[in-house]
Amino acid sequence: MLLYTHPACLAHDAGAGHPECPARLEAVLHAVRAAFPLLPWREAPRASRDALLRVHTRDLVERLLDTPIDGRLRLDEDTAMSLDSPEAALRAAGAGIAAVDAVMASEHTQAFCAVRPPGHHSTGAVAMGFCLFNSVAVAAAHAVYQHGLQRVVIVDFDVHHGNGSQDIFARDERVMYASSHQSPLYPNSGQPDEVGVGNLANAPLAPGAGSEAFRHAWREILLPRIEAFRPQLVLVSAGFDGHRLDPLADLVLEAGDYRWLSAELAALARRHADGRLVSLLEGGYSLTALRACSVAHLEGLVG
């Protein structure tokens with residue numbers, strides 16, 4: 001396994017008291033380094049504008065990269081940029097691209113992108129929900145257009161539904177999107193009847209749901225759908241805000257649930273994708289839970 005990150009991802013500042021803060025990434029990096037001291041780290045490159053334009057409109061790319069920022073640029077009530085945010089967003093998206101290239105070249109079969117800002121809420125035209133560029137969508141499009149893959153799955157276990165990832169690929173049968181998420185909860189999407197062209201699979205979980213409901217959703221609904229899709233590459237939107245300690249949601253998952261699902265995904269990738277799996281950090285706002293869950297996630301992946 002490889003780990004991709006960049007110091008610029010620590011410099012993005014959404015504002016004082018904002019839950020999507022640099023301490024989140026610091027917690028993940030410190031925990032992973034302690035648990036996996038031999039894990040090779042690589043510096044995330046910048047994503048090119050052409051790579052971003054595969055999934056985002058030119059207006060959005062230019063707004064995020066070219067708007068002068070004096071202090072802070074507020075995109076919506078939850079989402080803001082500082083002077084350092086464009087570089088962080090480019091490195092976050094670039095990490096996913098570089099990780100896809102690495103696993104496709106068989107350098108390693110797995111990669112974890114420890115980056116921020118998160119991305120899965122950003123649609124083709126709108127940055128929202130703490131997210132700037134949709135890094136996992138950029139990685140999926142790169143796999144399709146640069147590597148010629150015909151079956152890429154985005155697996156999303158963040159507590160919030162990845163409306164942006166779903167929106168971007170809802171009409172593209174080459175990319176499957178599979179998600180468990182709390183409902184009702186922001187962004188109030190991701191119902192089972194949202195099926196796209198047969199490439200979307202959503203399993204909402206009620207507030208208060210725990211390990212039993214989470215594992216049932218994946219074992220009985222989502223994993224069989226992914227298995228039938230036979231993905232050539234597994235991409236993961238790894239959000240850990242379903243943990244019982246997280247302040248922004250109401251699921252009661254444990255680190256062991258993420259370890260279990262990660263092991264299931266790694267096994268599925270071995271069956272269908274020569275083991276190729278790339279995971280990108282999304283949400284998670286309890287530092288204690290982030291430390292435990294990021295380590296559990298990697299433990300599940302590497303076995």
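Start by selecting arginine 116: it is buried, with a relative accessible area of 0% (buried is under 20%, exposed over 50%, partly exposed in between, using a 1.4 Å probe and protein chains only). You're in a predicted model, where local features need pLDDT of at least 70, side-chain atom pairs count only at pLDDT 80 or more, and totals for chains, interfaces and linings use all residues. Numbering runs from 1 along each chain as its sequence is written, and side-chain values use heavy atoms, without hydrogens or water.

Arginine 116 makes a salt bridge with it, closest N and O atoms 2.8 Å apart (a side-chain nitrogen of Lys or Arg within 4 Å of a carboxyl oxygen of Asp or Glu). Arginine 116 sits in the loop between β5 and α6 and glutamate 20 in the loop between α1 and α2, so the pair ties together parts 96 residues apart in sequence (helices, H or I of at least four residues, and strands, E of at least two, are DSSP runs numbered from the N terminus). Glutamate 20 is buried too, at 1% relative accessibility. Bring in Arg24 and you have a salt-bridge network of Glu20, Arg24 and Arg116.

Next stop: arginine 215 and aspartate 257, another salt bridge, at 2.9 Å between the closest N and O atoms. Arginine 215 is in helix α8 and aspartate 257 in helix α9, so this pair ties together parts 42 residues apart in sequence. Arginine 215 is partly exposed at 24%, while aspartate 257 is buried at 2%.

Last, pick arginine 271 and glutamate 227, which meet in a salt bridge at 2.8 Å, N to O. Arginine 271 is in α9 and glutamate 227 in α8, 44 residues apart.
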